[in-house]
Amino acid sequence: MKTHRRICILTNTHPYGVTENFARHIAIGFAAHGFEPHIVNIMAPLEQQFQAIGALSAIDELFMIGALPLKVKVGDEYLWREMSKRGKHVTYYVIDSYHNDLRRVPEVLEYLKASSSEDNLYHAFADYETADAHFLCGNELRFGGFPAAPIDQEAMYRDRLLVFGGIGNELAQIKDTLDETVSEVRRTIDLKDDYLLLGDGSHWDVLSKVLDIRGQYDRLHEETLLLDAYCALDAAMKRHRRLHVMSALKGLPIDIAGPGWMEHFGEVDNWRYVGSQPHAALGTMVQHYAGLINFDANWDWCPHDRALTAALMNRPVLTNKNALNGELTHTYAFGDSQASIAEKCEAMLYDSQADTPMYPFSEEHFKWTWHVSIRDYLNER
């Protein structure tokens, strides 16, 4: 009788170690529930890594973090399809916004179509609203935080806030203003009520109305122009919201970890640019500050991992509006006005939470660890 299950966790190399950090914590979470996890990085030589596991037949499950692992092939066959043919449980874990995966990685659509007819192909979603909108079968696997060991010294910057995240990468490639993006999209797609783009709703709430696709998200699977417009408007919303918030923080004492800010704002009184930091550094860094200012994907049904990390380290968080923010203590949502954003930051600077011991976690925060997220995911599927 088999006493354990081997799970192969596929990931890729990320410039700041994001996906690798996810893989490590997810592997530990699966190990806590009786699995034998093996992490395989698709950007390193695969043959040697698979030899360490044994034959493909020795793998019971394939778990792919993000869309890039869908590209991996064994001979002329996709690995996920080969494993499915062997009767193995295969999961594609959607950790980014699904529309971005669809646009960047053609195999996402191929996997989607195959999963409708092959029983062994599954999706897992951090933001479960994705599944409902796209009529996909799958399970929720909400994010966990990435806590660090408590620092063995007094916090160094309790009079400052930490920004962790940037406007680099895809957000640096889009038009400078939301209006410019809207004008460009209008050349190919009719838009309705585009004033909604200025609000704080999730991309589901906003873009379904602006693009008039409520109940028709499956059109994104086949209509390239519509998908391009959706991705462009979503990215423009992210950029607009981040610049709106950061403009409200001028003059406040903040340290900024992430790309793009210096190029946009230049030198600002009381701001310090500390460069891009590894994803795994946040749990330690945030303990030195009065709180975290976080920027999410435009989701509505799962707090972002950075917000969860700060909460696990007992630091207050100012972040995007999210349906589940209320389940995290000392978590505040950005308001519409810059004055209200600045007021919330000033309140965080004096939040008594800065004097709270780091450990142990409260029971409500323990819910947001990977151990519990994976336990709930395994119980549900």
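**Reading burial, backbone and packing**

Author: Asn314 is buried, with a relative accessible area of 10%. The model is a predicted one. Burial is assigned when the relative accessible area is under 20%. The place of Asn314 is the loop between α12 (305–312) and β13 (317–319).

Reader: What is the phi of Asn314?

Author: Asn314 is not a glycine, yet its phi is positive, at about 60°.

Reader: Where does Asp212 lie, and is Asp212 buried or partly exposed?

Author: Asp212 lies in the loop between α8 and α9. With a relative accessible area of 35%, Asp212 is partly exposed. Asp212 also has a positive phi, of about 55°, although it is not a glycine.

Reader: Which residues make the contact between α8 and α9?

Author: From α8 come His203, Trp204, Val206, Leu207 and Val210, and from α9 come Tyr230, Leu233, Asp234, Met237 and Arg241. By class, the residues of this contact of α8 with α9 are seven nonpolar, one polar and two charged.

Reader: How do the axes of α1 and α15 cross?

Author: The axes of helix α1 (residues 18–31) and helix α15 (residues 370–380) come within 8 Å, and they cross at roughly 60°. The two helices α1 and α15 are therefore oblique to each other. Their crossing is right-handed. In α1, the residues Phe22, His25, Ile26, Ile28, Gly29 and Phe30 meet Trp370, His371, Ile374, Tyr377 and Leu378 of α15. The residues of this contact of α1 with α15 comprise eight nonpolar, three polar and no charged.

Reader: Which residues touch the most other members of the largest nonpolar core?

Author: The largest nonpolar core has 55 residues, of which Trp80 and Leu211 touch the most other members. Helix α9 gives the most to this core, with eight residues. A second, separate core of 26 residues includes Ile9, Ala27, Tyr93 and Trp299.

Reader: What is Trp80 in contact with, beyond its neighbours within four places in sequence?

Author: With those neighbours left aside, Trp80 is in contact with Leu62, Met64, Leu70, Val90, Glu110, Tyr111, Ala114 and Leu121. One of these, Val90, lies in strand β6 (residues 89–94). Val90 is buried, with a relative accessible area of 0%. Beyond four places in sequence, the contacts of Val90 include Met83, Ser84, Asn120 and Tyr122. Sequence and space can also be compared directly: Val90 and Ser115 are 25 residues apart in sequence and 9.8 Å apart in space, C-alpha to C-alpha.

Reader: Is His123 buried or exposed, and in which strand is its place?

Author: His123 has its place in strand β7 (residues 121–125). At 1% relative accessibility, His123 counts as buried. Outside four places in sequence, its contacts include Tyr111, Ser115, Leu136, Cys137 and Asn139.

Definitions and conventions: Residues are numbered from 1 along each chain as its sequence is written. This is a predicted model: local features need pLDDT of at least 70, side-chain atom pairs count only at pLDDT 80 or more; totals for chains, interfaces and linings use all residues. Side-chain values use heavy atoms; hydrogens and water are left out. Contact means heavy atoms within 4.5 Å. Helices (H or I, at least four residues) and strands (E, at least two) are DSSP runs, numbered from the N terminus. Ala, Val, Leu, Ile, Met, Phe, Trp, Tyr, Cys and Pro count as nonpolar, Asp, Glu, Lys and Arg as charged, and the others, Gly among them, as polar. Axes are lines fitted to C-alpha atoms, for helices over the stretch in contact, and angles run from 0 to 180 degrees between N-to-C directions. Angles under 35 degrees count as roughly parallel, over 145 as roughly antiparallel, 65 to 115 as roughly perpendicular and the rest as oblique. A crossing is left-handed if the near helix is turned anticlockwise from the far one by less than a right angle, and right-handed if clockwise. Buried means under 20% relative accessible area, exposed over 50%, partly exposed in between (1.4 Å probe, protein chains only). A nonpolar core is a set of buried Ala, Val, Leu, Ile, Met, Phe, Trp, Tyr and Cys residues joined through side-chain atoms within 4.5 Å.
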